[in-house]
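Hi everyone, thanks for having me. Let me put the structure up on the screen, and then we can walk through a couple of its pieces together.

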Amino acid sequence: HVVSLLSATHQQPRAMHGTDIRRVRGWALDQLSKFYCQLIVSSQIMTPEIHALFHSHATSRHHKMVLTPLEQPGVLRHIRHQTPQVFKRIPVCPHSDTPDQRFSFFRDKILPDHLTALRRRTLIFTPSYCDYLRVRNHLREQEVAFTHICEYSSTSQGRRATSLFSQGERDLLLLTERLIFFKSPRLPSSLHLLLFAPPTFPHVYTQLVNSVAQDTAATVTCVYAREDALALMRLLGPERTNTLLNSKSSTHLII
């Protein structure tokens, strides 16, 4: 919606609407108003989408300025127990192919290990609703006994899904980041946590990892790509993020 709104600005109207043309500046009639417009974008976090939006539509003839926090130490210090956290990088691919490559990597390399009887109580996290639908449809095609909730689920549906998962009637629970952000549900205790991608908001990662049971068999696995650099920096800090992105190894363990 924001992109559509900004794309519709600085256009010449199709009708006069009673405008006194004598009061309109010449540079506005020449469609040069975009060079005299100040665009201010305020956000709690920086994402690639916001970065692209700002640089695409901030066309003022004056300078552009981006203000970011000086330090981003990460949120690992807020995790209450030492659960092994494994970060797996997907193979490098063109930016437009990253969503498909991520899903293929998650489907073929990560998910099969958690569909066995030995990996019960697995919580699967997806940042976006589109990824949630892809994973949900794949699990249905594989005829996996699982339950799922998202931001569009009703309160009763959410309670039923978490109850089935907590009582062991379903081994997998699939949910979205928007559900956690807007509804702040009480996350059920899980033994294994799979992250389709790093969360956009760092406090969501803390809540997810802290919900994992304190067990020697507990695991946390996160899939990431180079496009997730900003999200990783909010989670792990700049030093660990640089290591994850530039290391020859595609698998990293953090305890």
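This is a predicted model: local features need pLDDT of at least 70, side-chain atom pairs count only at pLDDT 80 or more; totals for chains, interfaces and linings use all residues.

Strand E1, residues 85–89, is joined to E6 by five bridges, and the two run parallel. E6 has another partner too: strand E5, residues 192–195, pairs with E6 over four bridges, again in the parallel sense. Here you can find Leu194 opposite Thr221 in E6. To get from E5 to E6, the chain passes through helix H8, residues 202–210, and this β-α-β crossover is right-handed.

So how enclosed is E6 itself? Five of the six residues in this strand, residues 219–224, are buried, so E6 is largely enclosed by the rest of the structure.

Now let's turn to a helix. H6 covers residues 155–166, which makes 12 residues, and it reaches 16 Å from its first C-alpha to its last, close to the 16 Å expected at 1.5 Å a residue. Which residues of H6 are buried? They are Gly158, Ala161, Thr162, Leu164 and Phe165. If you look down the axis of H6, these buried residues fall within an arc of 160 degrees, so they line one face of the helix. They pack against strands E2 (122–126), E3 (146–148) and E4 (172–176). On the other side of H6, the exposed residues are Thr155, Ser156, Arg159, Arg160 and Ser166.

One last stop: just after H6, Gly168 takes a positive phi of about 85 degrees.

Note on methods
Residues are numbered from 1 along each chain as its sequence is written. Side-chain values use heavy atoms; hydrogens and water are left out. The expected span of a helix is 1.5 Å times one less than its number of residues. Buried means under 20% relative accessible area, exposed over 50%, partly exposed in between (1.4 Å probe, protein chains only). The arc is that of the directions from the helix axis to the C-beta atoms. Contact means heavy atoms within 4.5 Å. Two strands pair if DSSP finds at least two bridges between them. A crossover is right-handed if, with the strands pointing away from the viewer, the path from the first strand over the helix to the second runs clockwise.
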